[in-house]
Structures are given as C-alpha cells and as structure tokens.
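Subject: The two-chain model, with notes

Hi there,

Here is the structure I promised to pass along. Have a look at it first, and then read on for my notes.

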Amino acid sequence: MVNSNANALGILFPNSYDSLVPELVGERLMASIPFAGRYRMVDFMLSSMVNCGIDNVSLIVRKNYHSLMDHLGSGREWDLTRKNGGLNIVPPFAEKTVKVYNGRVEALSSILDFLKDQKQQYVVMADTNIAANFDFKAMINEHIKSGADVSIAYAKVEIPVSARQSTNISGGLYYTLEVEDGDVKEIYINPKDEGIQNCSMNIYVVGREFLIEQIHDAFVKGYSYFERDIVAPQLDKLKVHGYLFEGYLARISDMKSYFDENMKLLDDKNLDALFSPNPIYTKIRDDNPTRYIQGAVVKNVMAADGCVIEGEVENSVLFRGVKVAKGAIVKNCVLMQDTVIGEGAKVEYLITDKNVTISAGKEVKGTDTFPVYVAKYQVV
Amino acid sequence: MAKEMIAMLLAGGQGSRLYALTQKLAKPAVPFGGKYRIIDFPLSNCVNSGIDTVGILTQYQPLVLNEYIGNGQPWDLDRLYGGVHVLPPYQQASGSDWYKGTANAIYQNISFIERYNPQYVIILSGDQICKQDYSDFLRFHKEKGAEFSVAVMEVPWDEASRFGLMVADENDKITEFQEKPKNPKSNLASMGIYIFNWDILKKYLVEDEADPNSENDFGNNIIPNLLRDGRNMYAYHFDGYWKDVGTISSLWEANMEVLDPEHSGINLFDENWKIYSRNSGMTGHKIGADAVVENSMITDGCRIHGHVKHSILFAGVQVEPGAEVEDAVVMGGTVIKAGAVVKHCIVAENVVIGENAVVGAMPTEGEKGVATIGSGIYIGDGAKIGPNAMVNNNVKGGEEQW
C-alpha cells in the first residue's frame, strides 16, 4: 500500500487546563473555546494532525463536552469521516464505581483495549490549550531518528504569569525541561522561575506498545499523571527526547492571556505565522460575507464572515455573525460569535461570549490589564 | 421508492456574453456575491424547498463545475438515494451526441429521471440569481391541476419584447406564448423555470426527438407543442428578486445590488433561506490600521490595507497600501498592489494588478463600460486598462489596453 500517512494515531485531551479559564468553560471545555475569529481551540491540534497524515484521532473527554460534539460532528470538516480510524470521541463510562478521570494515565487506561487493537506504530498526544500550526511529522521523524522512548515538545517561552503566581495545582500541572543535546535530563513540575524557560507543550510522541505497557503498570500502581508519575521518575531509565518547537504558538492560561492572544493576531505577521504553512479547518457555518454599511469606520480589525458593521470598530477581533449598530463604538474588544452591539453603545476592553447583546446606548469598559467578560446569552 | 419531484438543472450554457469570465469555466460556475457561484442559488433553493435529487446537465468547460459540486455535501445533497449528480453527454449503444438543445439534454437523461420515478420534474436554469421556494410553485401546479407550469415575472411593458412572454387569462391559464415579440400582448416574462408532470414531459420529449426539424429547445419547441395540443398550462407569478446574469453589465449590477439588499439586491442575510456554497476555509479577513472600508462586502481571507469603497471582495483578496478600489467586483485570490486604481470593473480570480496600474474608470456621460479582467491574468506595473476593455491576456508593465 502507498504510505502517505504518518504511522501514528493521535490522542487529544480536550479537558486539560479547563480550570484556568473558569468563565469560558462554564458550559464548554478548553477544546471548544472560540479563538481567532472563526475557530475553536481544538481545531489547531486536530488540523495539524490531519495535515501530517494522522487520520485516526481520539478525543478523550471528561465533562461539558456537548459543545465539542456539536462542533466536531462526524469530523467531516477535518477530513476525518473515515471507515478506518477517523474521529473517535471517548466519553467517560458512566459507572457508579468509576470516577471521572484526573490525569492522562486514567484517561488512557480507559482506552487501553482500543490502543491494543490499533495498527499504527506511534502515538502522538496533545492538549488543546495551545493554538499552533504544529508539524507532527517532523516531530515523529526526529523521535524515530533519536531512538528515544518518549519525545516531548517544548518551546522557549516564559511561564505564564498566572501559572507562576498560582498556589494550588488544581489549575493543572505544568512542566519545564532541562535539555542537553536533545535529551531531557530533568523535568521540573510547576517551577516559579522567571524569564525564558524550556516550557513543555505537553505534546508527546511515544511508541504505541511502549505506551500500553507503561499505562498498564502505572494504572495498577494508582498513578494519575503521565509526566509526573511515569516520565519524570524514570528519566534515568528511559531515553526522553526534547523536540524544540520554534513556530508561533498561542497558549491560553487565563482570561488575560485569552484576550492578549486574540489581539496579537491583529498583527499580520502573527496571523500568517499561525495559519501557515497548512490550513486550519473548522466547522462551516455558511455565513454570508461580512458587510460594511455606509458610515462604518474600521481600523485594525480582524473579522470573520457574517458580520454586519455600521458603527466604529478599532483594534478588535470579531467572530462570525457579530453586529455593530450605527453609532456604536468598539475599541480593543474580542467579540465572540453573534454578539450584538446596540446603537450608540460604547465598549472598550470587552470580551463577549456567544450571543451576548449590549443594549443601545450602554457603556461597558474594562482596562488593558483587566478586560471585562460577559457570559453567553447575557443582555447588558 | 418514488420521489415526488426531482430537479433538472440546465448548466451547459457557454455564457459567451461573459467573455473573459467564461474562458475556462461554465457560466453557472462564475463566482457571485463574495463567496458564492451562480449555481449555489438554484441548488440552495432546491434544498431549502425540500428537493433532494438534482441532475446537473453540463457540456461546456465542466471541470471547475464538476470539482465545485463534488459529492454535493456543501448543499446537503450527498444522499444515499438521490442527491446531486453531474450529467454530461455520454455514449450509448445507439451512438453518442452532444446535447443539441435544452430539451435534448433532458431527453438524453430520461433513464436518470426514471430511476427516481418522480411525479413531477422541475427544470431549472443555472444562470439566474434568485431565491425562490419551489415547493410553493409545486403547490400552485397541483392546485391548478396543471400539466405544465412556468414561473413568470412581470416586467416593464417597454422591455417586454426582449423576453419570452406568456399570455394568460384571469385564472393564470396560459393561452399563448410569444418569443421576443415586436408587439407584446403580455408583460409576463418566462423565467425559464418549469414544472412538468413527468408523464407529459416524457411524452413530449420523445415526440420532439422524433421531429428532425426541431431545435430540441423548451422555448421554441416543447412549449409551442404543448399549446398546440391544448394542455393544461399555467403561469405562476413570482415577485421576488430575480436577475439573469448573462452579460457583464448585468453580472456587475447584480453584484452591486447585493450591497443594498434593503432596496434592490438579493438578501443574502436570510437565516431562513441560506445560500450554501463550498467554503474557502480561509481565516477571518483583516482590515489594516490605515485602511478605509466603505459600504462594501469583504470575505474570509482578505487583507485590506488600501481604500475600498462600494465593492465586493471575494475570499483571499489582497489590497495593498495606497491602492484604491471602487465599484468593483474582485474575485477570489486576486492581489491589487500598492497604488493601483481599480474602478467600476469585474476582476476574475487569481489576477495580479501591478503597482500603480489603472483598471477601469468611473462612468462618465458617454462612457459606462465595465472593464473585465479574466482569471489568472497579470497586469504589469503602471499598465492602464480602459473602461471597455476585456482582458484575456497578460498586459505588460506600462502598456495600455482599451
């Protein structure tokens, strides 16, 4: 058979880091947070996998996954409607005695039988809190070349301030790596260091059979976290390779970073970096093109299809179907799909969730460091 | 299982009056309204009316159209039984033939229609911009006990002689048909959309095929024959937006009207009657800090850094700083470089307009032409394209074409 596909299957953890953005995940999970005008967070890793020829992707969901199922459907938009492999959403088994899983070990142990039945030699795993155009094929190739048991992708960035300041681990663990000649020598858990670090992206390549073996052992011992309980303690025994990712990445670590990462895309350089070389796929809504009506004034705006703009918009990201009425002034805002800004309303540093209405004449202003957030379906 | 009504969409037209735009694609595949192609309108109408089986009759330059239609999924027409099918002429045991006329195209696909054993067949035209509920048309057809119905539009009397006209009595029963008459007796213009009882249509198609003198055309042969035999023929009045976009100026005009749906154009902003299309998949469009956008429609993937006024920009159009775009229809992937001036024109897909080039001009007293640039054309830096030009070949920097 012609081998055009990567010899790997993909696993995504759509609930990881949910608790970092409690406002946004009220009725959804990290993976279905709207981002960059017309996408959801999950689109980036999912599309990246598909673009690398990975056509067998499982999403192990934990809770609040209705929005994700609605978004993904049968996976057609990602070309994952396949007879073999394709898209596979794994919800938790609703048994009295089984708790919803905590770490990746428990999550993976729930699909051990599935993993055993697959044919791909490698498994790639990722969370959905990072938006990037990630080349999994390059990482897999480097993994094979290095002869490692596990490869971890990392980027040279600062630890998000919110993570550094947080005192509990309920927000989810994060890791930095000490890398020497491509080998990971040490894994630090929730360090507080300032400045540029080798921050793990929580993207892994492992051999499928190796993974099954490790998960089986770890589950028996009651471990929950893949990094903390499997990889970190065995650094002396295993060959762990660090894969440096040098492309553009947007990491959602709290509300402020959500706002900032959207805003950064107003710079064409960043926008091009995130959306090339490969396309990012998303659910199609069949909106009409965006219409700028006589009197509209727009400066430095990214807008998706389906918007109708009559007022003034500056330095903002508009998702699909946003309406800005006559006389309204919108500055430094992130307005999610189908937000309506009424006539003469003035908004600044505002994040609106889906279907929010700001009534005519109202003023809502946040600040640079603390943007105001309005939840789904609210009317101000 | 029988289908109540299936649609046959005539999409074989060369669209020769669209010149540069239809060099490489059939008229129904011509882009329209920012993200659509003309054929999206009849296809979406079908789906929105509950018709799930559509045969598309193609003949001229079908490649773009074939790829665009694909399995029909964007229109929800990928069905287990039915769905959309592209029907080019094909070889049969008795020989093969191009589609000789509109009626012959249907005649050659009788066996396709019979697979679905329909009661009614609606014949649609692939070159009109129109939102129409065909289920209401069918309701009318059944209520009148018609064997044939045609959708008609009232047109101004002084223009009536340009159309095929239906003369009808007070019950909408058709008594006479006039093809582009000098002295019109009616102002009810045929929209080229027909509903037939399938048994009647089949009988007349077979009869027409046997007539060696026939042009095998619905307007010239089938309808006159139905009238001759005194069949039950009715005219269904339609008063929504309808535009035949067969010429450059009407195509340009229909696009411009989209910018004013409240008054003249087709309303694409209708949640209850969505027009579906194959999506570009591009990311949101971007309006730069120094850009000016006035009264325009902008599609995903556009990058605007110049001045865009009263124009329609399709997916992925780039307008560089200092460029001016006014009253223009600019199709997907076209790049308008710095300082270029693009006015009152249609620019097809993937065109490059060089720095400081001038394309078209705003209309003056004696000059109302719509300049047209064909797809993939390169217009060099500083070149000048006159308002009546029809550009099919690359134009070198500094040259002029009128």
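Let me start with a question: which residue of β16(B) does A:Met302 stand opposite? The residue is B:Lys286. Please keep in mind throughout that this is a predicted model, and that the values below are computed from it.

**Where the chains meet**

β15(A) runs antiparallel to strand β16 of chain B (residues 285–287), and three bridges hold the pairing.

The contact as a whole draws on 32 residues of chain A and 39 residues of chain B. On the side of chain A, the residues that lose the most area to chain B are A:Asp286, A:Arg291 and A:Tyr292, which together make up 24% of what that side buries. The size of an interface is often given as the accessible area lost when the parts come together. Here the area buried between chain A and chain B is about 2,900 Å², and carbon and sulfur atoms give 42% of that area.

If you like to think in terms of charges, there are five salt bridges between chain A and chain B. In one between A:Arg76 and B:Asp78, the closest N and O atoms are 3.4 Å apart. Polar contacts across the interface of chain A and chain B come to 22 residue pairs, counting pairs with both residues at pLDDT 80 or more.

Which elements of chain A each supply at least two residues of the side that touches chain B? They are α10 (268–274), β14 (290–292) and β15 (297–303). The largest share of that side, six residues, comes from β15(A), the strand that also pairs with β16 of chain B. Sorted by class, the side of chain A that touches chain B holds 18 nonpolar, four polar and 10 charged residues.

**The chains one by one**

Chain A has 10 helices and 26 strands. Its radius of gyration is 21 Å, close to the 21 Å that the globule rule gives for 380 residues, so chain A is as compact as a globular protein of that length. Along the principal axes, the C-alpha atoms of chain A fill a box of roughly 65 × 45 × 45 Å.

Chain B has eight helices and 32 strands. For its 402 residues, a compact globule would have a radius of gyration near 21 Å, and the 22 Å of chain B agrees with that. The C-alpha trace of chain B spans about 65 × 50 × 40 Å along its principal axes.

**A hairpin in chain A**

Strands β9 (residues 175–180) and β10 (residues 183–189) of chain A pair in the antiparallel sense over six bridges. Within that pairing, A:Val179 has A:Val184 of β10(A) as its bridge partner. The hairpin has two residues between the strands, and A:Asp181 takes a positive phi near 50° there.

A:Asp183 lies in strand β10 of chain A. What does A:Asp183 contact, leaving aside its neighbours within four places in sequence? The list is A:Glu178, A:Lys239 and A:Val240. With A:Lys239, the side chain of A:Asp183 makes a polar contact of 2.9 Å.

**A few other spots to look at**

- Over all chains, a search of the whole structure finds 43 salt bridges. One of them joins the side chains of A:Asp127 and A:Arg104, at 2.8 Å from N to O.
- A:Ser276 and A:Pro277 are joined by a cis peptide bond, with omega about 5°. You will find A:Pro277 in the loop between α10 and β14 of chain A.
- A:Asp79 is not a glycine, yet has a positive phi of about 60°. A:Asp79 sits in the loop between α2 (66–72) and β5 (86–90) of chain A.

Do write back once you have had a look.

Best wishes

Notes:
Residues numbered from 1 in each chain as written. Chains lettered and ligands numbered in written order. Predicted model: local features only at pLDDT ≥ 70, side-chain atom pairs only at ≥ 80, totals over all residues. Heavy atoms only, no water. Contact = heavy atoms within 4.5 Å. Buried area = accessible area lost by both parts, 1.4 Å probe. Salt bridge = Lys/Arg side-chain N within 4 Å of Asp/Glu carboxyl O. Polar contact = N/O pair within 3.5 Å; in protein donor to acceptor, adjacent residues only side chain to side chain. Helix = DSSP H or I, 4+ residues; strand = E, 2+ residues; numbered from the N terminus. Nonpolar A, V, L, I, M, F, W, Y, C, P; charged D, E, K, R; others polar. Pairing = 2+ DSSP bridges. Rg over C-alpha atoms; globule rule 2.2 N^0.38 Å.
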